[in-house]
Amino acid sequence: MQLILGDKTVLTIVAALGYGLATVLMKTLSDQSNLILPVMLAMVLIITVLAEIALLRKVDLGMAYVAIIATESLLVFAYAYWVGEGLSSREWMGAGFVITGAALVSY
């Protein structure tokens with residue numbers, strides 16, 4: 001388990017998936033409310049924060065932030081497309097800038 005948690009890529013993906021899942025849960029909560037969804041949201045955010053703390057012990061803040069935001073953005077854009085909330089051309093351009101910027105600063 002320590003070997004898996006020590007991997008920066010896995011921690012980045014866990015944090016990004018956590019923030020992406022939190023976004024999906026918040027979107028679901030905006031349409032319906034029940035007791036289970038806020039509890040799930042809190043649990044997802046706790047796990048996400050723990051993964052991000054572990055990542056920040058291994059990587060500089062700027063690099064971790066950019067990697068998480070870029071990965072999360074891809075996940076949220078894919079989810080928005082999947083649920084039928086298409087993006088405008090302006091939003092696609094913005095997404096492209098986020099991804100391009102993340103790629104530029106990661107080298």
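**Figure 1. Contacts and overall make-up of the protein chain.** Of the contacts in the protein chain with a separation of 6 or more, 66% are made by residues 24 or more positions apart, where contact means heavy atoms within 4.5 Å. The model is predicted, so that local features need pLDDT of at least 70 and side-chain atom pairs count only at pLDDT 80 or more, while totals for chains, interfaces and linings use all residues. Residues are numbered from 1 along each chain as its sequence is written, and side-chain values use heavy atoms, with hydrogens and water left out. The protein chain holds five helices and zero strands, these elements being DSSP runs numbered from the N terminus (helices H or I, at least four residues; strands E, at least two). Along its principal axes, the C-alpha trace spans about 40 × 35 × 20 Å. Of the 107 residues, 22% count as buried, a term that stands for under 20% relative accessible area, with exposed for over 50% and partly exposed for values in between (1.4 Å probe, protein chains only). The protein chain exposes about 7400 Å², of which carbon and sulfur atoms supply 71%; accessible areas come from the Shrake-Rupley method with a 1.4 Å probe, and for residues only the protein chains shown count as cover.

**Figure 2. Helix H3 and its buried face.** H3 has 21 residues and reaches 30 Å from its first C-alpha to its last, close to the 30 Å expected at 1.5 Å a residue, the expected span being 1.5 Å times one less than the number of residues. The buried residues of H3 are Leu37, Leu41, Val44, Thr48, Ala51, Glu52 and Leu55. Seen down the axis of H3, these buried residues fall within an arc of 100 degrees, so they line one face of the helix; the arc is that of the directions from the helix axis to the C-beta atoms. Among the elements that cover them are helix H2 (8-31) and helix H4 (61-82).

Figure 3. A nonpolar patch on the surface is formed by Ile46, Val49, Leu50 and Ile53, which together have about 370 Å² of accessible area.

**Figure 4. Helix H4 and the residue Ala80.** The 22 residues of H4 should span 32 Å at 1.5 Å a residue, and its end C-alpha atoms are 31 Å apart, which agrees. Buried in H4 are Ala64, Ile68, Ala70, Glu72, Ser73 and Ala80, and their cover includes H2, H3 and helix H5 (89-105). Ala80 has a relative accessible area of 12% and, leaving aside neighbours within four places in sequence, is in contact with Glu85 and Gly86. The C-alpha atoms of Ala80 and Glu91, eleven residues apart along the chain, are separated by 12 Å. H4 is followed by Gly84, whose phi is positive, near 90 degrees.

**Figure 5. Gly20 of helix H2.** Gly20, found in helix H2, is buried, with a relative accessible area of 8%. Not counting residues up to four places away in sequence, Gly20 touches Glu72 and Val76. Gly20 and Tyr79 are 59 residues apart in sequence, and their C-alpha atoms are 8.8 Å apart in space.

Terms used
Patch = residues over 30% accessible without salt bridge, like charges linked within 9 Å, V, L, I, M, F, W, Y side chains within 5 Å. Salt bridge = Lys/Arg side-chain N within 4 Å of Asp/Glu carboxyl O.
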